Amino acid sequence: MSQSNFSRRDILKLGGLSAVSALGLSALAGCSPKVVAPEGGVPQPGGALATTGSTDGVPSFLLTPEPITDFAETYDYDVVVVGAGESGLGAIHAALQAGASVGVLQSLPMVQTAGNMGASVDLTKTNEAGIKAIVSFINYKSDYRVNAQQVEAWARNSQEALAWWEEAAKAGGSESKPYDYVVNCNGHDVYLHANTYFHDEGHQKGALAIGDAVQAEGAEIYFETPCVQLYTEEGRVAGAIGKRKSDDAYVLLRAAKGVIMAAGDYVGDQEMLYFYTPDARGLHQAVDFRNGTGLKAAMWAGAQMCPASHTKMVHGEGPKVRFEMPYLFLDRHGKRFMDEGCCRMGYLNEFTNKYLAEVDFEDSTAVKFFSIVPTNWEEHYDAWKDFSDISIHNAYRNVDPEAWIKGDTLEELAANMIAYADEQKWAHDYTVEAIVDSINRYNELVTAGEGDADFGKRDEYMVPIEAPCYAVPRGANNIDALVDGLWCDGNFQCLDVDMKPIPGLFAVGNASGPFFGNSNYPMDIEGLSVGRAITTGYVTGRYVAGL
């Protein structure tokens with residue numbers, strides 16, 4: 001479009017409810033902002049807001065471009081899937097198994113996945129109350145913002161979906177190392193089974209084999225052809241338009257039954273990232289190819305995004321296995337900065353993102369810190385594990401203290417911490433004196449026996465830290481994924497601004513929501529993100545094929 005007059009309702013239609021808060025009421029009050037777009041409908045960067053593509057402050061992705069109508073090729077299918085990651089492969093396979101013909105747009109030259117493990121509920125051991133309890137537990141961990149039907153779809157179908165993935169990956173030469181565990185939810189034991197691939201290049205090796213398999217089953221995948229728009233007929237999404245990278249030509253994949261958006265998130269698009277997830281500013285964007293292209297196409301067709309701020313998955317380098325226990329934490333200045341009782345990586349970004357501002361959001365390592373650990377940490381783990389949210393493993397992989405930083409004196413420990421931080425090029429201003437003073441202050445609080453007068457930490461966690469001792473590098477600075485996407489109902493059908501299903505349009509995996517809802521991804525159920533992606537694709541592919 002060459003010109004657009006935006007009203008409150010228009011913003012909601014294009015960007016979801018979160019657009020109101022992100023743009024600010026003042027931008028929507030009185031008169032609507034007028035945005036003039038150049039050729040092609042997408043405005044150029046510059047002007048009032050550096051992070052948007054419009055001088056009027058309206059992000060470029062909220063401006064609907066002119067419809068593409070000239071196609072080099074047109075193909076007809078029952079189901080069209082946009083994206084060939086975990087969720088897309090699940091959708092492709094299930095739709096094929098249900099008898100549908102399937103066409104796929106994939107922006108990359110191959111199928112692509114992420115993650116190392118995918119979780120499923122063992123329905124042979126978990127009773128009905130347990131199924132309902134884990135749905136409630138995930139809702140609780142997500143600030144009660146989830147669509148419970150979506151979570152229950154994972155709980156009831158993940159065993160079947162993940163069993164298929166495990167078998168198909170094995171047939172292609174990538175064998176899972178299974179991990180079985182139990183999570184107690186509201187007093188009910190929920191038995192979980194996870195496929196794990198830490199030992200075998202993560203899910204990618206198996207995904208490549210599964211990509212070959214679904215093509216052998218009849219799926220037609222158009223590689224290096226990202227979806228740039230959706231095709232509509234009489235108010236229904238009836239196909240997806242791809243742009244071939246080889247010749248910039250447009251191809252139309254028509255869908256008789258529906259289009260399934262499985263294009264992943266928008267972590268590679270900084271404008272979208274800062275708009276929908278403003279507290280991600282300054283974190284290192286781990287990938288650039290998941291750039292929200294499919295999500296934009298869906299919004300231009302009337303879909304809305306889940307409300308901000310979206311659930312972000314933040315990880316970071318350090319010891320290969322998480323060590324999450326509530327010992328003394330020292331920030332980039334060598335100072336204590338929080339009640340360490342909240343020690344899980346999934347939530348710590350809320351305590352550390354303030355340090356990004358100290359470096360003008362230009363160095364993500366400013367969130368790095370150290371956990372100062374006594375040598376008798378195993379005794380504390382045994383004493384705390386029954387009432388604490390602590391972890392010393394990833395699946396079957398346990399921590400290795402040999403990988404930690406050691407010191408026979410506090411001064412030696414501090415010097416070794418500084419050497420490590422320098423080697424890793426952390427943004428810090430540690431001194432031996434600051435580190436030793438902080439540890440001594442902490443021990444003074446412990447010795448006084450009057451509780452944590454600095455941060456109010458639980459008394460049981462106030463234990464002395466005496467040399468020799470360890471320092472464990474912590475702090476997650478990579479934003480790997482956003483696990484919120486298009487607002488969907490319980491059948492994963494996309495909703496418009498009036499919360500009504502959009503005919504013909506569905507979304508799965510990280511392109512869908514609300515499955516999560518907290519500002520950070522909860523890590524209480526190991527492998528939930530990948531398990532959710534495979535399963536939601538699987539059930540939706542089958543559902544759309546049956547329409």
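**Salt bridges, a hairpin and a helix**

Tutor: Start with lysine 312: its relative accessibility is 1%, so it counts as buried. Keep in mind that this is a predicted model.

Student: Which side chain does lysine 312 meet in a salt bridge?

Tutor: Glutamate 350. The N to O distance is 3.1 Å. The pair links distant parts of the chain, 38 residues apart. Lysine 312 sits in strand 13 (residues 312-315), glutamate 350 in helix 10 (residues 345-352).

Student: And glutamate 350, how does it count by relative accessibility?

Tutor: Partly exposed, at 35%. The cut-off for buried is under 20%, so lysine 312 at 1% falls on the buried side.

Student: How many salt bridges does the count come to?

Tutor: 26. Among them is glutamate 152 with lysine 132, at 3.1 Å, N to O. That pair also links distant parts of the chain: glutamate 152 is in helix 6 and lysine 132 in helix 5 (residues 128-141), 20 residues apart. Lysine 132 is partly exposed, with a relative accessible area of 43%.

Student: What about arginine 458, what does its side chain meet?

Tutor: Glutamate 460, in a salt bridge of 3.0 Å, N to O. Glutamate 460 is partly exposed at 40%, and arginine 458 is partly exposed at 39%.

Student: Which residues do salt bridges with shared partners join into one network?

Tutor: Arg322, Glu324, Arg344, Asp389 and Glu526.

Student: New topic. Strand 6: which residues are on its covered face?

Tutor: Tyr179, Tyr181, Val183 and Cys185. Asp180, Val182 and Asn184 make up the uncovered face.

Student: Which way do strand 6 and strand 7 run, parallel or antiparallel?

Tutor: Antiparallel, joined by 7 bridges. Tyrosine 179 stands opposite alanine 194 in strand 7. The hairpin has 2 residues between the strands, and asparagine 186 there takes a positive phi near 55 degrees.

Student: Last one, helix 7. What should its 13 residues span?

Tutor: 18 Å, at 1.5 Å a residue. The end C-alpha atoms are 18 Å apart, so expectation and model agree.

Student: Which residues of helix 7 are buried?

Tutor: Gln204, Gly206, Ala207, Ala209, Ile210, Gly211 and Val214. Their cover includes helix 4 (86-97), helix 6 (148-171) and strand 8 (220-222).

Methods. Residues numbered from 1 in each chain as written. Predicted model: local features only at pLDDT ≥ 70, side-chain atom pairs only at ≥ 80, totals over all residues. Heavy atoms only, no water. Helix = DSSP H or I, 4+ residues; strand = E, 2+ residues; numbered from the N terminus. Expected span 1.5 Å × (residues − 1). Buried < 20%, exposed > 50% of the residue type's maximum accessible area, 1.4 Å probe, protein only. Contact = heavy atoms within 4.5 Å. Pairing = 2+ DSSP bridges. Salt bridge = Lys/Arg side-chain N within 4 Å of Asp/Glu carboxyl O.
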